[in-house]
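Trainee: Could we go through this structure together? I would like to start with its surface.
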Amino acid sequence: MKLIIAAVALATSSLAFAHNCPNEMKAIDAKLMTNPKLSPADMSKVKELRADGEKFHKEGKHDDSMKALGGAKKILGI
């Protein structure tokens, strides 16, 4: 019984985590719309990480997606 409860909790948390990727992308997009003061290299990196995050999300690789999106957010200061 404990194993079933643990499995359900893990599945639920994984689904919630997976659905957070779009929210992270929206936050990055919103910040980019404000034309943040970034070097060209940083801006390029943010856009690359944002694109990678979306690609990973679509592939179901949500851990990789969140890592890429987190990197973009860090550069943007959000």
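Trainee: About how much accessible surface does the protein chain have?
Mentor: In this predicted model, the accessible surface of the protein chain is about 5,400 Å². Carbon and sulfur atoms account for 62% of that surface.

Trainee: And what percentage of the residues count as buried?
Mentor: The protein chain has 78 residues, of which 27% count as buried.

Trainee: How many helices and strands are there?
Mentor: There are four helices and zero strands. Along the sequence, the pattern is therefore written α-α-α-α.

Trainee: Which residues form the largest nonpolar core?
Mentor: That core has twelve residues, including C21, M25, I28, M43, L69 and L76. Helices α2 (21-32), α3 (40-58) and α4 each supply at least two residues of the core.

Trainee: Which helix gives the largest share?
Mentor: Helix α4 does, with five residues.

Trainee: M43 is on that list. What is M43 in contact with, leaving aside neighbours within four places in sequence?
Mentor: M43 is in contact with L32, P36 and L38.

Trainee: Now a new topic: where is S65 found?
Mentor: S65 is in helix α4, which covers residues 62-76.

Trainee: Is S65 buried or exposed?
Mentor: S65 counts as buried because its relative accessibility is 0%, and the cut-off for buried is under 20%.

Trainee: Which residues does S65 contact, apart from those within four places in sequence?
Mentor: Those contacts are C21, G53, F56 and H57.

How values were computed. Residues are numbered from 1 along each chain as its sequence is written. This is a predicted model: local features need pLDDT of at least 70, side-chain atom pairs count only at pLDDT 80 or more; totals for chains, interfaces and linings use all residues. Side-chain values use heavy atoms; hydrogens and water are left out. Buried means under 20% relative accessible area, exposed over 50%, partly exposed in between (1.4 Å probe, protein chains only). Contact means heavy atoms within 4.5 Å. A nonpolar core is a set of buried Ala, Val, Leu, Ile, Met, Phe, Trp, Tyr and Cys residues joined through side-chain atoms within 4.5 Å. Accessible areas come from the Shrake-Rupley method with a 1.4 Å probe; for residues, only the protein chains shown count as cover.
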